Amino acid sequence: MLDPLAAITDAFTSFLFGKVETTRLPVRTSTGQAQAVYMPTAAPGLGDSGVIIGREVYSGKGYIYDPFQLYGQQLPAPHWLVLGESGNGKSALEKTYVLRQLRFRDRQVVVLDAQGEDGVGEWNLIAKALGITPIRLDPMAALDGGTKLNPLDPAITTTGQLALLRTIIEVAMGRGLDERSGFALKVAHAYVHDTVTDRQPILTDIVDRLRHPVADSAESMNVGLEDVRAWGLDVALVLDRLVDGDLRGMFDGPTTAGIDLDAPLIVFDLSHIDRNSIAMPILMAIVGVWLEHTWIRPDRKKRIFLVEEAWHIINSPFVAQLFQRLLKFGRRLGLSFVAVVHHLSDVVDGAAAKEAAAILKMASTRTIYAQKADEARATGRVLGLPRWAVEIIPTLTPGIAVWDVNGNVQVVKHLITESERPLVYTDRAMTEASADGHDGTDGFEEPRVSLEKQLADDAVA
């Protein structure tokens with residue numbers, strides 16, 4: 001109760017100015033209900049310039065990502081690692097990302113397509129829709145006029161040719177070349193380069209010279225001719241596999257004419273190669289160096305190099321070293337390397353752990369789809385993910401992934417347009433999804449309109 005003086009003062013004030021305060025009864029509630037009073041908050045996005053990926057799950061905001069736009073501001077390097085088990089949406093993400101990047105005129109994409117079905121690679125539909133003929137590397141087809149890539153193509157520098165020959169041999173042998181074998185290879189390559197001038201030199205020329213070295217090569221080191229021949233014998237046997245062995249036909253002739261290295265999309269179809277054989281890392285090494293010297297050049301184009309089954313690269317010390325050098329071109333020539341693997345343990349526990357760690361360190365963007373709990377914990381330790389992200393990875397549904405863009409960690413649902421759907425959902429993707437207990441839609445049932453309209457509708461809702 002107010003004292004009489006206060007009551008008179010309050011009445012006089014109300015008479016002059018009106019009632020200025022409303023007295024309300026207290027409300028009792030729980031903290032769970034009271035939190036609805038506060039506006040929801042969400043982590044900041046990556047900006048509004050680039051390629052639309054989908055929707056940030058917790059805030060509903062559109063999620064836009066482009067390594068070329070973010071480089072130098074939020075990204076120290078433009079390279080990207082995609083992880084996750086089959087049937088969770090990795091393939092759909094890769095394909096729609098490439099299709100959306102190609103809408104920019106200054107983009108070019110190279111894909112190493114190591115998977116396929118029905119005799120063609122997984123990217124065959126997209127290539128066909130864009131009027132692109134995939135470069136299909138197949139030992140059997142190569143014997144009958146199929147595609148050939150020449151490691152001694154004059155478009156590759158002399159230094160690059162020798163480095164490529166060394167990498168091929170080291171991958172096949174599973175160890176580095178000793179000094180004597182390296183010398184035999186060097187003098188054989190130098191002789192072929194200097195004497196074969198009326199045509200493209202080929203691997204057969206190198207093998208012949210290793211088996212039959214010339215006197216000059218022995219005299220330059222003051223050793224016997226038989227010594228040089230003995231030093232080069234193992235090298236000749238390894239290269240002979242590319243000439244007369246199970247890999248013959250693809251690399252023992254001049255580069256096939258008509259390969260368009262200026263096309264917006266270049267697809268190397270490796271689906272006919274046994275992915276578990278030594279042929280795959282050898283093949284990736286050859287393609288990597290061949291691209292380095294014939295495709296990557298300072299012409300202001302932004303290039304994306306996407307590699308399926310990338311553990312073949314990261315798990316081989318010699319191929320990994322080669323690709324480390326290639327990745328360094330990212331900053332100088334605008335190259336974004338995208339590596340797609342199923343499990344991080346495929347690479348961090350392999351023979352090239354040191355090289356794998358270096359490549360992973362250069363990948364400032366990491367996208368992780370659903371994994372089993374133990375794999376998720378291992379991935380979190382290696383990539384330094386926050387605990388909350390590690391805990392939700394095993395619970396992610398198809399199409400939803402944890403995105404870590406240089407420490408900006410968000411959960412993103414990938415959206416696909418109706419026009420992209422026929423190109424993204426191949427028979428193989430449907431089979432994988434069914435095998436994992438899904439219905440083949442990879443969780444993308446609702447998008448039936450453009451991404452822009454879908455995101456706008458979500459924002460209004």
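Okay, some ground rules. Residues are numbered from 1 along each chain as its sequence is written, and side-chain values use heavy atoms, with hydrogens and water left out. The model is predicted, so local features need pLDDT of at least 70 and side-chain atom pairs count only at pLDDT 80 or more, while totals for chains, interfaces and linings use all residues.

Let's start with charges. Side chains of opposite charge can pair when their charged atoms come close. Here a salt bridge means a side-chain nitrogen of Lys or Arg within 4 Å of a carboxyl oxygen of Asp or Glu. How many salt bridges does a search of the whole structure find? It finds 15.

Take aspartate 106 and arginine 107, whose side chains meet in one of these, at 2.8 Å from N to O. For cover, I'll say buried for under 20% relative accessible area, exposed for over 50%, and partly exposed in between, with a 1.4 Å probe and protein chains only. On that scale aspartate 106 is partly exposed at 30%, whereas arginine 107 is buried at 5%. Asp66 comes in as well: Asp66, Asp106 and Arg107 are linked in a network of salt bridges.

Next, aspartate 234 and arginine 175, with a salt bridge at 4.0 Å, N to O. This pair links distant parts of the chain, 59 residues apart. Aspartate 234 sits in helix H12, residues 233-244, and arginine 175 in the loop between helix H7 (158-173) and H8. A word on those labels: helices (H or I, at least four residues) and strands (E, at least two) are DSSP runs, numbered from the N terminus. Aspartate 234 is partly exposed, with a relative accessible area of 39%, and arginine 175 is partly exposed with 39% too.

Arginine 387 pairs with glutamate 391, their closest N and O atoms being 3.9 Å apart. Where do these two sit relative to each other in helix H20? They are four residues apart in that helix (residues 387-392), so about one helical turn separates them. As background, an α-helix has 3.6 residues a turn, so residues three or four places apart point the same way. Both arginine 387 and glutamate 391 are exposed.

While we're on the surface, look at Val57, Tyr58 and Trp388. They form a nonpolar patch with about 310 Å² of accessible area together. Patches are built from residues with over 30% relative accessible area and no salt bridge, joining like charges within 9 Å and nonpolar side chains (Val, Leu, Ile, Met, Phe, Trp, Tyr) within 5 Å. Accessible areas come from the Shrake-Rupley method with a 1.4 Å probe, and for residues only the protein chains shown count as cover. Valine 57 is in the loop between strand E1 (51-56) and strand E2 (62-65), and it is partly exposed at 35%.

Now to the inside. A cavity is a set of points on a 1 Å grid over the protein atoms alone, where a 1.4 Å probe fits but cannot get out; lining residues have an atom within 4 Å of a point. Points are joined across faces, edges and corners, and a volume is the space filled by probe spheres set on them. That gives four cavities of 30 Å³ or more.

Which element supplies the largest share? That's H8, with four residues. H8 (179-195) and helix H9 (203-211) each supply at least two. By type, the lining divides into eight nonpolar, one polar and one charged. Nonpolar here covers Ala, Val, Leu, Ile, Met, Phe, Trp, Tyr, Cys and Pro, charged covers Asp, Glu, Lys and Arg, and the others, Gly among them, are polar.

Helix H15, residues 317-327, is mostly covered, with nine of its 11 residues buried. Among them are Phe318, Leu322 and Gln324.

Last, a few loop residues. Asparagine 406, between strand E12 (400-405) and strand E13 (408-414), has a phi near 50°, a positive value in a residue other than glycine. Asparagine 406 is partly exposed at 43%. Glycine 258 lies in the loop between H12 and strand E8 (265-269), and at 74% it counts as exposed. Leucine 177, in the loop between H7 and H8, counts as buried at 11%.

Definitions and conventions
On a 1 Å grid over the protein atoms alone, a cavity is a set of points where a 1.4 Å probe fits but cannot get out, and a pocket is an open set with protein on both sides within 12 Å along at least five of seven lines; lining residues have an atom within 4 Å of a point.
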